[in-house]
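The sequence and the structure are shown first, and the description follows.

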Amino acid sequence: MTDSNSTPNSKFQSMRRWVVDHKLRAVGSLWLSGIAGSIAYNWSQPGMKTSVRIIHARLHAQALTLAALAGAAVVEYYDHNTGAKSERYAKFLPPIDSYSHKD
């Protein structure tokens, strides 16, 4: 758990770390909230057919999903360029000296 006196930067970093570790979950959550919000908004507009409301909701959710995937790609690119990704996965690999070379 984080401290209630933590700085906004550390909160941002912890949110960023969660998104990096759970990219697909973040994109799926954004899609689900986008489609739910769009359906709620479209149902409040009078004079639209149900099929048009559903199509609009799908288009809004699709645009949000593309934006989320683009954001995940930017995070992945940033992690790749800064070396953060290799540091994160290096802890799961054994040291290079422990590999046995068989010829």
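Is Ala 57 buried or exposed? With a relative accessible area of 1%, Ala 57 is buried, where buried means under 20% relative accessible area, exposed means over 50%, and partly exposed lies in between (1.4 Å probe, protein chains only).

The model is a predicted one, in which local features need pLDDT of at least 70 and side-chain atom pairs count only at pLDDT 80 or more, while totals for chains, interfaces and linings use all residues. Residues are numbered from 1 along each chain as its sequence is written, and side-chain values use heavy atoms, with hydrogens and water left out.

**Overall architecture**

The protein has four helices and zero strands, and its pattern along the sequence is α-α-α-α. Helices (H or I, at least four residues) and strands (E, at least two) are DSSP runs, numbered from the N terminus. Of the 103 residues in the protein, 17% are buried. The accessible surface comes to about 8,200 Å², and carbon and sulfur atoms account for 65% of it; such areas come from the Shrake-Rupley method with a 1.4 Å probe, and for residues only the protein chains shown count as cover. Among contacts (heavy atoms within 4.5 Å) with a separation of 6 or more, 44% join residues 24 or more positions apart.

**Helix α3**

Helix α3 covers residues 50–82. Its 33 residues should span 48 Å at 1.5 Å a residue, and this agrees with the 48 Å between its end C-alpha atoms; the expected span is 1.5 Å times one less than the number of residues. The buried residues of α3 are Arg 53, Ala 57, Ala 61, Thr 65, Ala 68, Ala 72 and Asp 79. An α-helix has 3.6 residues a turn, so residues three or four places apart point the same way.

| Residue | Relative accessible area | Class |
|---|---|---|
| Thr 50 | 44% | partly exposed |
| Ala 57 | 1% | buried |
| Thr 65 | 18% | buried |
| Asp 79 | 1% | buried |

Leaving aside neighbours within four places in sequence, Thr 65 touches Val 27 and Trp 31. The side chain of Thr 65 also reaches the backbone oxygen of Ala 61 at 2.8 Å. Asp 79 lies 8.9 Å from Val 20, C-alpha to C-alpha, although 59 residues separate them in sequence.

Helix α2 comprises residues 23–43. Ser 38 is in this helix and is buried, at 6% relative accessible area. Not counting residues up to four places away in sequence, Ser 38 touches His 56, Ala 57 and His 60. With the corresponding neighbours left aside, Ala 57 is in contact with Ile 35, Ser 38, Ile 39 and Asn 42. For Thr 50 and Ile 39, 11 residues apart along the chain, the C-alpha separation is 10.0 Å.

**A nonpolar surface patch**

Trp 43 belongs to helix α2 and counts as partly exposed, at 42% relative accessibility. Together with Ile 39 and Ile 54, Trp 43 makes a nonpolar surface patch of about 280 Å². Patches are made of residues with over 30% relative accessible area and no salt bridge: like charges are joined within 9 Å, and nonpolar side chains (Val, Leu, Ile, Met, Phe, Trp, Tyr) within 5 Å. A salt bridge is a side-chain nitrogen of Lys or Arg within 4 Å of a carboxyl oxygen of Asp or Glu.

Technical notes: Polar contact = N/O pair within 3.5 Å; in protein donor to acceptor, adjacent residues only side chain to side chain.
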